[in-house]
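Dear colleague,

Please find below the structure that I am handing over to you. My findings follow directly after it.

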Amino acid sequence: MSDLTPRPRRRLLLAAPLGVAALGGLGFWYMLSGLQNGSFNPRGVPSALLGRTPPDFTLPPVEGMSHPGLSSADLRGLARPVLVNFWASWCVPCIIEHPQFMALQAEGVPIFGVSYKDRAEDARQFLSRRGDPFTRLGADPPGRVAIDWGVYGVPETYLLDRQGIIRWRYAGPITAEIMNEDVKPLLRRHA
Amino acid sequence: MIPELGHFALAMALAFCAAQMVLPMLGARAGDARMMAAGQPLANAAMLSVLVAFICLATSYAVNDTSVANVVQNSHSDKPMIYKITGTWGNHEGSMVLWVLVLTLCGAAVAAFGRDLPSVLQARVLGVLGAIATGFLLFILFTSNPFDRMWPPAPDGQGLNPLLQDFGLALHPPLLYLGYVGTAVTFAFAVAALIEGRVDAAWGAWVRPWALASWAFLTCGIALGSWWAYYELGWGGYWFWDPVENSSLLPWLASTALLHSAIVVEKRGALKIWTVLLALLAFALSMLGTFLVRSGVLNSVHTFAADPARGVFILAMLGFYIGGAFALFAWRAPSMVPQGVFAPISREGALVLNNLLLCCIAAVVLVGTLYPLFLDLVAGQMISVGPPFFNLATLPLALPLIAAMALGPLLPWKRAALWPVIQRLWWAALLALGGFGLALALTGAKFWPALGFGLGLWLIAGAATDIVDRIGLFRQGARIALTRAKNLPRSAWGAAIAHAGMGVTALGIAGMGLASETLVALNPGQSTRFAGYEWRFDGVRDAPGPNFTARRADVSVLIEGQVAFVMTPARRTFPIGRMTTTEAAIRTNLMRDLYIVLGEERDGGAVLRIHHNPLAPWIWLGAYIMALGAGVSLSDRRVRVAAPNRRQAAAAA
């Protein structure tokens with residue numbers, strides 16, 4: 001097969017793995033140096049939206065759920081700080097953080113959910129099985145709104161103050177520690 | 001004293017490995033037999049030194065030496081002895097020591113079993129293995145020393161992640177490391193072949209057993225990890241496409257491809273360059289996994305405590321080994337002349353197809369795992385890739401792969417016709433179609449599980465056809481067939497067993513597609529009906545453990561009013577680290593799993609999540625059958641007496 005290809009092309013082809021590996025290595029090196037100086041963070045804590053209001057959007061409710069949907073209008077002029085949580089039923093870490101949300105909801109903190117790239121049926125099943133912490137729940141099957149928010153991956157959670165300004169963002173599951181050490185103090189500070 | 005001894009042993013191992021890297025290589029270059037011969041004793045000495053270091057570390061864990069920082073961070077005096085010892089490799093530093101121990105063990109094995117190898121090739125392989133071990137020992141000694149002391153000693157340890165206090169997970173890392181390190185040996189063979197500028201049939205014969213062994217360990221390791229996730233995490237799932245899972249799947253895919261292409265090199269002398277590339281790739285992917293998991297660039301629930309400084313070191317090592325090997329490849333591979341012409345429809349052709357599809361799947365998984373990272377880096381855009389992508393993208397590649405898996409072994413070498421093979425497989429096709437139709441009818445037209453049943457049956461029947469055909473069961477009568485079965489090469493048996501194992505796994509996955517579950521809140525004495533059983537909740541009680549407290553529920557499972565058995569799902573709370581784990585109760589009869597998770601308790605009652613998972617154990621059973629196939633193939637006579645082959649091959653060529 002390959003003896004039919006002219007020799008320079010074959011040489012180039014055999015050097016391709018080196019090229020790919022070198023490019024990949026360079027990319028990883030940038031990521032690591034970014035990790036060290038804080039410009040690259042896979043958990044994406046410094047969001048471009050911090051200190052600003054979220055972009056305009058309107059999301060329909062999840063089919064078959066009694067919750068209203070979610071739009072940017074719902075996030076202005078709030079009575080108290082809220083959490084906006086991007087999640088999906090296929091997302092394993094979402095199961096880890098779920099009990100924390102159930103506990104927080106029991107304390108009366110409103111949690112707005114965005115069902116990210118999920119089927120309505122699966123989302124409903126997830127919530128009926130594990131409990132439903134959300135007061136509003138928007139459906140974002142194509143993930144467009146998530147892109148506007150700069151969501152890295154699910155689960156991802158934003159904390160908005162009473163003016164609807166994004167104050168805090170966390171990519172990854174909200175564990176009990178993060179709930180107690182970050183979320184609750186922030187909720188008190190912005191109350 | 002013991003930690004210092006361990007530290008010293010590591011430093012000594014570094015010296016031995018550095019010598020093992022330099023001396024045999026120089027000897028092979030200069031043709032100096034004495035320098036080449038130094039490789040064997042050096043490999044043994046390095047292995048013994050790392051073994052001493054590992055025993056020292058395990059001892060520190062066993063006696064709970066709280067002046068050793070690593071022990072304090074990961075252990076506790078209350079922990080059962082078995083988990084104190086397995087805790088040795090349940091953390092970053094200890095697992096690196098285990099990694100190097102396995103690597104040097106492989107080096108010693110190449111030195112011991114490789115006496116039949118030409119001394120130049122053996123010297124180069126040992127040199128490359130020495131180079132890899134040197135890099136990892138430097139990494140351990142400079143960035144992650146497990147023997148660091150702390151002053152004053154802590155009163156007691158901080159405990160180990162309770163999720164990791166589990167027997168399955170204690171065995172999981174060593175098995176995976178055996179697999180990863182096995183790819184290091186094939187990598188060493190590939191680099192040695194590139195330096196030598198020669199790949200021949202005998203090289204294929206030497207590489208194949210190592211590839212097989214590493215593949216078998218990887219298979220077991222991945223299966224064990226998936227099984228652990230199934231019973232310990234309490235989610236009822238078995239594969240989550242988590243980046244860490246993916247990074248163990250990638251080397252598996254590459255070594256599956258390598259395993260098959262090495263056969264072509266061995267039998268037909270073709271696909272040499274490609275096989276060398278696959279050997280390099282398999283190791284590159286296992287190193288990439290190590291890098292991703294330990295550097296913190298990936299966002300995963302499984303990762304070790306991440307440290308970018310370590311990441312820089314691993315990346316530098318990756319650059320040196322992988323970059324160096326690919327550079328060597330780009331330089332030397334063009335001078336290797338392609339040989340061995342074959343028609344597209346032939347055994348070789350089928351193996352090429354297998355390689356193409358496996359590499360495509362690997363590429364899809366790799367892209368899915370890395371794409372979010374690189375897109376973030378290049379475009380500043382953040383996206384997420386989840387199971388929907390992986391399922392959608394790998395399925396169209398896996399289907400033809402499985403379809404061709406049953407055909408391939410029946411095709412003759414060089415040139416074949418498809419039709420006679422299909423004729424021999426008619427009953428397998430009939431069985432598969434029947435299974436598909438029956439499953440469709442019985443499950444209420446669930447397409448994907450039914451397709452899984454059909455494909456699983458197709459694979460098993462295909463493997464059976466292969467064996468029946470080779471021994472001529474229906475053509476020559478049982479007596480002759482039995483003698484022929486005895487004389488059939490073990491590698492043929494191994495291949496058939498492994499392919500059938502894949503079929504069993506496919507059946508298990510299909511069965512899991514039919515899994516059902518229910519969530520019920522019951523008060524003591526109440527019962528519910530689900531999946532044909534009556535489930536009676538008898539109450540919850542306290543069940544103290546060695547280093548945890550637990551709430552344990554008793555659930556009686558009744559068949560026709562009679563208590564058949566009692567299941568006891570529990571929830572454990574670990575006071576050290578304040579963590580809770582669910583202990584799912586699983587009752588299996590190999591045809592289905594009954595699986596109960598204890599949820600929250602409400603005024604005397606409790607929430608129970610009950611799963612009915614048909615054929616779930618077959619997923620892992622199939623994986624162990626695949627590994628068994630590899631073991632049978634490894635016991636083949638040709639593997640053990642591969643040495644004279646090079647002379648024969650040279651004479652033949």
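Chain B of this predicted model has a mean pLDDT of 86, and 92% of its residues reach 70 or more. Among the elements of chain B, helix H3 (residues 39-62) has the highest mean pLDDT, at 95, while helix H23 (residues 644-652) has the lowest, at 43. The pLDDT stays below 50 over residues 641-653 of chain B, a stretch that makes 12 contacts in the model beyond near neighbours in sequence. Where pLDDT is low, the predicted coordinates should not be read in detail. For the complex, the predictor gives an ipTM of 0.73 and a pTM of 0.81.

I turn next to the domains of chain B. The domain assignment gives domain 1 as 2-330 + 345-380, domain 2 as 393-511 and domain 3 as 516-616. The centres of domain 1 and domain 2 of chain B, taken over C-alpha atoms, are separated by 34 Å. Where these two domains meet, 16 residues of domain 1 of chain B are in contact with 17 residues of domain 2 of chain B. On the domain 1 side that touches domain 2, helix H10 (243-268) and helix H13 (347-379) of chain B each supply at least two residues. H13(B) gives the most to that side, with 12 residues.

One position in chain B may be of use as a reference. Ala417(B) lies in the loop between helix H14 (387-407) and helix H15 (418-424) of chain B. Between the C-alpha atoms of Ala417(B) and Gly289(B), which are 128 residues apart along the chain, the separation is 41 Å.

Chain A contains five helices and seven strands, and along the sequence they follow the pattern α-β-β-β-α-β-α-β-α-β-β-α. The C-alpha trace of chain A spans about 70 × 40 × 30 Å along its principal axes. The radius of gyration of chain A is 21 Å, whereas a compact globule of 191 residues would have one near 16 Å. Of the 191 residues in chain A, 38% are buried. Among contacts in chain A between residues at least 6 apart in sequence, 74% join residues at least 24 apart.

Yours sincerely

How values were computed. Residues are numbered from 1 along each chain as its sequence is written. Chains are lettered from A and ligands numbered from 1 in the order in which they are written. This is a predicted model: local features need pLDDT of at least 70, side-chain atom pairs count only at pLDDT 80 or more; totals for chains, interfaces and linings use all residues. Domain bounds come from an automatic or database domain assignment. Two residues are in contact if their C-beta atoms, placed from the backbone, lie within 7 Å. Helices (H or I, at least four residues) and strands (E, at least two) are DSSP runs, numbered from the N terminus. pLDDT is the predictor's confidence in each residue, from 0 to 100. The radius of gyration is taken over C-alpha atoms; the globule rule is 2.2 Å times the number of residues to the power 0.38. A residue is buried if 20 or more other C-beta atoms lie within 10 Å of its own, exposed if 12 or fewer, and partly exposed in between; C-beta atoms are placed from the backbone.
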